[in-house]
Amino acid sequence: MKKTFTFVKVPHCQVIFGKKLSLKAQLFCMLKTFDEKFSGFLFVVILPFLLFFMSYYGFESSYTHFKTSERPPDFLFSSVYSYRIIPNYLSIYMTDLMEYCINNPVLSPFKNLFIKNGTPFYHGLFLTNTVFFILSSVIINAILKFRSVDFFSNIMMRRIVHLLMIFFIVMTQYTPSNCDTIALFCYLVGIVLILKYHHTNRNLFFYLLIILIAVSTLVRETACLNIAFFAAVFFSLKEIKQKNFQFIWKVIPLLLSFLMPYLGLRIFLNHEEKSSFMEGIYIVANFTSPFNLAGLLFSAIVLYFMYKLCAEGKNKLVFKKYLFFSLPYIGMITLVGLFWEVRLFLPLILTGAVIACHDFKKLYN
């Protein structure tokens with residue numbers, strides 16, 4: 001009787017059942033596994049940190065005065081920023097922490113270095129944003145590995161896209177804020193929950209998404225884009241024509257989880273006369289200023305690039321639906337935001353890369 005062998009594939013190794021690998025082969029496999037994990041750590045954690053560090057301390061920007069503010073500026077608590085409760089209070093705690101560290105006798109040799117390169121508030125801002133930036137990088141890495149299309153199944157292709165996404169995040173930090181990276185992290189976690197719910201149909205992920213949207217609304221209005229992404233994945237015109245309204249019943253709890261804290265917070269703070277609904281109307285400036293027009297052109301070109309990155313028609317359709325459902329957010333940017341602050345378009349850009357890499361086959365079976 002002919003003897004057969006079963007091969008089990010492990011990283012860079014093939015093991016034949018019934019035979020022991022030599023010590024040299026086992027050592028080779030262990031080193032390869034360690035090398036892959038170490039390379040992943042360098043790429044996903046260390047590289048983003050160094051890029052962020054260079055952005056905050058290596059490049060100077062006249063666009064913001066955060067670097068010269070000793071404490072969190074008053075406008076964070078008396079303007080449209082006052083609705084972003086979680087980042088504002090976190091800024092206070094982190095500023096207190098940095099003041100303690102700077103004045104601590106143990107760190108006295110580094111006191112001049114801290115003072116020379118920023119204020120306690122600025123250092124606290126950097127530390128907070130760095131933590132959430134690295135967490136966002138970890139989430140991006142997990143998303144790109146989860147059910148990727150064939151074109152991005154190669155690890156080097158995914159790392160190229162990952163690196164591109166990281167560079168876009170870092171580049172937008174010429175207008176640093178205390179809420180953007182926190183909001184971005186929450187948004188990416190929301191994408192994970194939506195994709196998990198799409199592929200498993202487990203209600204746990206849907207309920208977690210409702211909670212996440214409610215909490216992240218207290219960080220920034222980016223939370224509404226999780227609803228747009230959910231709609232892009234689950235909306236089907238064919239089902240609506242067949243009078244299947246299951247999608248509508250699913251999206252209503254998500255809308256309420258965003259609108260209730262969003263409107264409730266504004267009603268409460270406006271009653272207390274501590275804030276304004278918006279900083280101003282900038283629609284004219286957005287289409288007359290060369291800087292704002294440059295920001296709009298840049299964002300449009302990048303979004304078009306992300307669309308072209310979608311190799312399959314299914315992914316292009318999801319991206320089109322996502323942009324359609326994101327029109328209220330884009331409209332608010334046009335009305336009360338500035339196109340020059342391309343960080344406002346950042347969630348749309350990153351989502352384009354995610355859609356281009358992900359396999360949505362289950363949606364179209």
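Colleague: Why are H12 and H13 called roughly antiparallel to each other?

Modeller: Helix H12 (residues 290-309) and helix H13 (residues 313-325) pack at about 150°. Angles over 145 degrees count as roughly antiparallel, under 35 as roughly parallel, 65 to 115 as roughly perpendicular, and the rest as oblique. H12 and H13 are therefore roughly antiparallel. The axes, lines fitted to C-alpha atoms over the stretch in contact, with angles from 0 to 180 degrees between N-to-C directions, lie 8 Å apart.

Colleague: What kind of model is this?

Modeller: It is a predicted model: local features need pLDDT of at least 70, side-chain atom pairs count only at pLDDT 80 or more, and totals for chains, interfaces and linings use all residues. Residues are numbered from 1 along each chain as its sequence is written, and side-chain values use heavy atoms, with hydrogens and water left out.

Colleague: Which residues make the contact of H12 with H13?

Modeller: H12 brings Leu-303, Met-306 and Tyr-307, and H13 brings Lys-316, Phe-319 and Lys-320. Contact means heavy atoms within 4.5 Å. By class, four of these residues are nonpolar, none is polar and two are charged. Ala, Val, Leu, Ile, Met, Phe, Trp, Tyr, Cys and Pro count as nonpolar; Asp, Glu, Lys and Arg as charged; the others, Gly among them, as polar.

Colleague: What makes H12 roughly parallel to H15?

Modeller: The axes of H12 and helix H15 (residues 346-357) cross at roughly 10° and come within 8 Å. That makes H12 roughly parallel to H15. Val-302, Leu-303, Met-306 and Leu-309 in H12 meet Leu-348, Ile-349, Gly-352, Ala-353 and Ala-356 in H15. The contact of H12 with H15 has eight nonpolar residues, one polar and no charged.

Colleague: How many helices and strands does the protein have?

Modeller: The protein has 15 helices and two strands. These are DSSP runs, numbered from the N terminus: helices are H or I, at least four residues, and strands E, at least two.

Colleague: Why does Val-149 count as buried?

Modeller: Its relative accessibility is 5%. Buried means under 20% relative accessible area, exposed over 50%, partly exposed in between (1.4 Å probe, protein chains only). At 5%, Val-149 therefore counts as buried. Val-149 sits in the loop between H4 and H5. Apart from neighbours within four places in sequence, Val-149 contacts Glu-312, Asn-315, Ala-356, Cys-357, His-358 and Asp-359.

Colleague: What makes Arg-147 partly exposed?

Modeller: Arg-147 has a relative accessible area of 47%. Arg-147 is in the loop between helix H4 (120-145) and helix H5 (155-171). Its phi is positive, about 50°, although Arg-147 is not a glycine.

Colleague: Which residues touch the most other members of the largest nonpolar core?

Modeller: They are Met-165, Ile-191, Phe-229, Phe-230, Met-306, Tyr-322 and Ile-355, out of 85 residues. Helix H6 (residues 180-200) gives the largest share of this core, 12 residues. A nonpolar core is a set of buried Ala, Val, Leu, Ile, Met, Phe, Trp, Tyr and Cys residues joined through side-chain atoms within 4.5 Å. Not counting residues up to four places away in sequence, Tyr-322 touches Tyr-187, Leu-225, Ala-228, Phe-229, Ala-232, Pro-347, Leu-348, Thr-351 and Ile-355.

Colleague: What covers the buried residues of H14?

Modeller: The cover includes helix H8 (224-234), helix H11 (283-286) and H15. The buried residues of helix H14 (residues 327-336) are Tyr-329, Ile-333, Thr-334 and Val-336. Of the 365 residues of the protein, 45% count as buried.
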